[in-house]
Amino acid sequence: MKLRLYAALAAGAVMLAAPVAGSAHFILMQPKSALEENQLGDPQKLGPCGGTTANAGTPTGVVTEVAGGALLHVHVKETIYHPGHFRIALSVLDRAELPADPEDVTKDGPNGKPISVSGKIDPNPKAPVLVDGLWEHHERKPAEEFETDVKIPNINCDHCSLQVIQFMENHGINTDGRFTYHHCADLKITANPKMPIESGWPGQVKAKGKPKKKT
């Protein structure tokens, strides 16, 4: 009887310790997501901007207008907790410009499949990444919300994509997205004429100075 009880307790401990694949979710609340999201934020597994292999998602058609060089408010809600961090990036001409998901370190899980330990964070991110290592958290808080203001480059872009991703630690591998969940928002950025164009971004041309008058 005692042996059966110990075995049951041990099995329960393993179940509690084991990560649940596909358990973490978040909603991109602001700016408006490029895909329709349900109450959990799904579909969001497939990179670079959400959906899944089985469900590409339904576009919202919403394009948020932003002034170049201004701050854009980003607001997410974690509907199901998981430890990890977020990253924000921007594509200008094509979503193919968006970076690969964070490089991960893994360990073997009880079923032989990998479990994430950590995701690489760039302490000095460069375009197309705007912010990395954002909202690192390792404490369970139901329906926690995160907000920040992100500096938008002073560029012109009729149809950019702001990508917000969450890398999940201590997480089983997903068929889509591995250890990362994804959302994007479509933006239209109009450069501030009083500021120089940031020509390091794709498709940008420096403003030409006025020609000098002949003497």
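How many bridges join β4 to β9, and do these strands run parallel or antiparallel? Eight bridges join β4 to β9, and the two strands run antiparallel. The structure is a predicted model, in which local features need pLDDT of at least 70 and side-chain atom pairs count only at pLDDT 80 or more, whereas totals for chains, interfaces and linings use all residues. Residues are numbered from 1 along each chain as its sequence is written, and side-chain values use heavy atoms, with hydrogens and water left out.

Strands of a sheet pair through backbone hydrogen bonds, in either a parallel or an antiparallel sense. Strands here (E, at least two residues), like helices (H or I, at least four), are DSSP runs numbered from the N terminus. Two strands are taken to pair if DSSP finds at least two bridges between them. An open sheet is formed by five strands in the order β2-β10-β9-β4-β7, with mixed pairing. Its edge strands are β2 (63-67) and β7, each of which pairs on one side only. From one strand to the next, the twist averages 30 degrees; for such angles, axes are lines fitted to C-alpha atoms (for helices over the stretch in contact), and the angles run from 0 to 180 degrees between N-to-C directions.

Within this sheet, β2 and β10 run parallel and are joined by five bridges; V63 stands opposite D186 in β10. Strands β9 and β10 run antiparallel, with nine bridges between them. Residue I165 stands opposite H182 in β10, and I165 in β9 is also the bridge partner of R87. Strand β9 is mostly covered, as ten of its twelve residues are buried. Buried denotes a relative accessible area under 20%, exposed one over 50%, and partly exposed a value in between (1.4 Å probe, protein chains only).

Strand β10 (residues 180-190) contains H183. With a relative accessibility of 1%, H183 counts as buried. Its side chain reaches the backbone oxygen of G41 at 3.2 Å, a distance that falls under the definition of a polar contact (a pair of N or O atoms within 3.5 Å; within protein, one must be able to donate a hydrogen and the other to accept it, and residues adjacent in sequence count only if both atoms are side-chain atoms). Neighbours within four places in sequence being left aside, H183 is in contact with several residues, among them F26, E37, C49 and L162. Contact means heavy atoms within 4.5 Å.

A search of the whole structure finds five aromatic pairs. Rings of Phe, Tyr and Trp (its six-membered ring) pair if their centres lie within 6.5 Å; planes under 30 degrees apart count as stacked, over 60 as edge-to-face and the rest as tilted. The ring centres of F86 and F146 are 5.8 Å apart and the planes stand at 50 degrees, so this pair is tilted. The pair links distant parts of the chain, with F86 in strand β4 (residues 84-91) and F146 in strand β8 (residues 145-151), 60 residues apart. F86 is buried at 0% relative accessibility, and F146 is buried at 9%. A stacked pair is formed by W135 and F146, at 5.5 Å centre to centre and 25 degrees between the planes. W135 lies in strand β7 (residues 129-137), eleven residues apart from F146 in β8. Ring pairs link F26, F86, W135 and F146 into a cluster.

The structure also holds two salt bridges, a salt bridge being a side-chain nitrogen of Lys or Arg within 4 Å of a carboxyl oxygen of Asp or Glu. In one, R95 is joined to D186, the closest N and O atoms being 3.0 Å apart. R95 lies in the loop between β4 and β5 (104-108), D186 in strand β10, and the two are 91 residues apart. R95 is partly exposed at 32%, whereas D186, at 8% relative accessibility, counts as buried. The side chains of R178 and D104 also meet in a salt bridge, at 2.7 Å from N to O. Because R178 lies in the loop between β9 (157-168) and β10 and D104 in strand β5, this pair ties together parts that are 74 residues apart in sequence. Both are partly exposed: R178 has a relative accessible area of 36%, and D104 has a relative accessibility of 21%.

Strand β5 pairs with β6 (residues 114-119) in the antiparallel sense over five bridges, and the bridge partner of V105 in β6 is S118. These strands form a hairpin with five residues between them, and G112 in the turn has a positive phi of about 85 degrees.
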